[in-house]
Amino acid sequence: MLEDLTETVSLLQPDMIVLDEHLLSRYAEARVADADTVERPVVAVVDHFADELLSVAASSGVRGFFSLSSTPAEVARVVVAAARGDALLDGAMFTRLTENRAADTGEAISLTARELEVRDLLAEGLADKQIATQLAISV
C-alpha cells in the first residue's frame, strides 16, 4: 500500500496530498528514506490525535489536520490554508490537542479570552497578518 502511494505521488506529482493517520507515519518514513525533493502540502485526516503523531506529521510536511467529524467548511479551510502554505487545525482537532496535552501533563489548560478570539479566527482560516489587523495587535 505504501509502495503504491509513493509510486503514485512520484508519478502524478500532485499539488497536495491528503493522508489518513495510518499512512501518515509510513509516508513520513518513506519521505526520509527516499530523496523526494518535491515539496507539496500534506493534510492529514486524524481521529486519534497524539503528540507523537504531531511530531511525525511535522517532520513529513503536514500543513493541516481535520477529523472525520469535521464539517465541510472546516475541511475547506484546512485544505485552503495548506495550499497557501499556512498550517491549520480544525476547531475539534485543536480542542483535542489541548485536552491531550492537559491530560499528559496533569494540568488544566485554559485559554484567555484573547487566545480564544485568535483560535476562532484561525479556525476561520485567517492568516496571522489578517488576525493581527482584525484584532489591532502586532503579528
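Ser70 is buried, with a relative accessible area of 12%. Buried means under 20% relative accessible area, exposed over 50%, and partly exposed in between (1.4 Å probe, protein chains only). This is a predicted model: local features need pLDDT of at least 70, side-chain atom pairs count only at pLDDT 80 or more, and totals for chains, interfaces and linings use all residues. Residues are numbered from 1 along each chain as its sequence is written, and side-chain values use heavy atoms, with hydrogens and water left out.

Ser70 sits in the loop between E3 and helix H4 (72-84). A polar atom of the Ser70 side chain lies 2.9 Å from the backbone nitrogen of Ser67. Leu68 also lies in the loop between E3 and H4.

| Residue | Relative accessible area | State |
|---|---|---|
| Ser70 | 12% | buried |
| Leu68 | 67% | exposed |

Leu68 touches Val45 and Asp47, not counting residues up to four places away in sequence. Contact means heavy atoms within 4.5 Å. The C-alpha atoms of Leu68 and Asp20 are 9.8 Å apart, across 48 residues of chain.

Now the core. The largest nonpolar core has 14 residues, and Leu19, Leu24 and Val62 have the most contacts inside it. Such a core is a set of buried Ala, Val, Leu, Ile, Met, Phe, Trp, Tyr and Cys residues joined through side-chain atoms within 4.5 Å. Helix H1 (2-12), strand E1 (17-20), helix H2 (21-33), strand E2 (42-45), helix H3 (51-59) and strand E3 (62-66) each supply at least two of its residues. Helices (H or I, at least four residues) and strands (E, at least two) are DSSP runs, numbered from the N terminus. H2 gives the largest share, three residues.

Technical notes
Polar contact = N/O pair within 3.5 Å; in protein donor to acceptor, adjacent residues only side chain to side chain.
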